[in-house]
Amino acid sequence: MADDLFKALADPTRRTILDELTEKSGQTLFEICSRLSMRHGLGISRQGVSQHLAVLEAAGLVETRREGRYKFHDLCTAPLRQITERWLVPDTSGPEESTS
């Protein structure tokens with residue numbers, strides 16, 4: 001799972017897609033393509049964006065749901081929490097004292 005997550009996060013376009021989903025989760029492919037084009041000047045095809053979304057979905061960062069003929073993409077941050085919790089070490093030193 002971690003390998004898929006790091007692979008997904010390694011690409012700047014995928015990070016931009018995650019930024020857009022952070023700002024507004026539940027977007028359709030058309031909305032994501034429009035935002036990437038208008039806000040970031042990315043001239044990427046719908047198929048290209050769809051492939052990026054598939055990588056993000058495989059990593060667990062994006063979940064999809066269908067409503068009628070529309071497919072919505074939602075941000076899922078659970079995999080990121082798992083990664084950060086893996087290497088966080090509890091601070092057992094107590095409160096730091098000021099030396100001033």
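Tutor: H1 and H5 are roughly perpendicular to each other, a label for angles of 65 to 115 degrees. This is a predicted model, where local features need pLDDT of at least 70, side-chain atom pairs need 80 or more, and totals for chains, interfaces and linings use all residues. Residues are numbered from 1 along each chain as its sequence is written, and side-chain values use heavy atoms, without hydrogens or water.

Student: At roughly what angle do the axes of H1 and H5 cross?
Tutor: Axes are lines fitted to C-alpha atoms, for helices over the stretch in contact, with angles from 0 to 180 degrees between N-to-C directions. Here, H1 (residues 2–10) and H5 (residues 78–87) cross at roughly 110°, their axes coming within 11 Å.

Student: Which residues make the contact?
Tutor: Contact means heavy atoms within 4.5 Å. Ala2, Leu5, Phe6 and Leu9 of H1 touch Pro79, Leu80, Ile83, Arg86 and Trp87 of H5.

Student: And what about H3 and H4?
Tutor: The axes of H3 (residues 29–40) and H4 (residues 46–58) come within 10 Å, crossing at roughly 110°. That makes this pair roughly perpendicular. From H3, Leu29, Phe30, Ile32, Cys33 and Leu36 meet Arg46, Val49, Ser50 and Leu53 of H4.

Student: How many disulfides are there?
Tutor: A disulfide is a covalent bond between the sulfur atoms of two cysteines. With sulfur atoms required within 2.5 Å, the count is zero.

Student: Is cysteine 33 buried or exposed?
Tutor: Buried means under 20% relative accessible area. Cysteine 33 is buried at 14%, and cysteine 76 counts as buried at 15%.

Note on methods. Helices (H or I, at least four residues) and strands (E, at least two) are DSSP runs, numbered from the N terminus. Angles under 35 degrees count as roughly parallel, over 145 as roughly antiparallel, 65 to 115 as roughly perpendicular and the rest as oblique. Buried means under 20% relative accessible area, exposed over 50%, partly exposed in between (1.4 Å probe, protein chains only).
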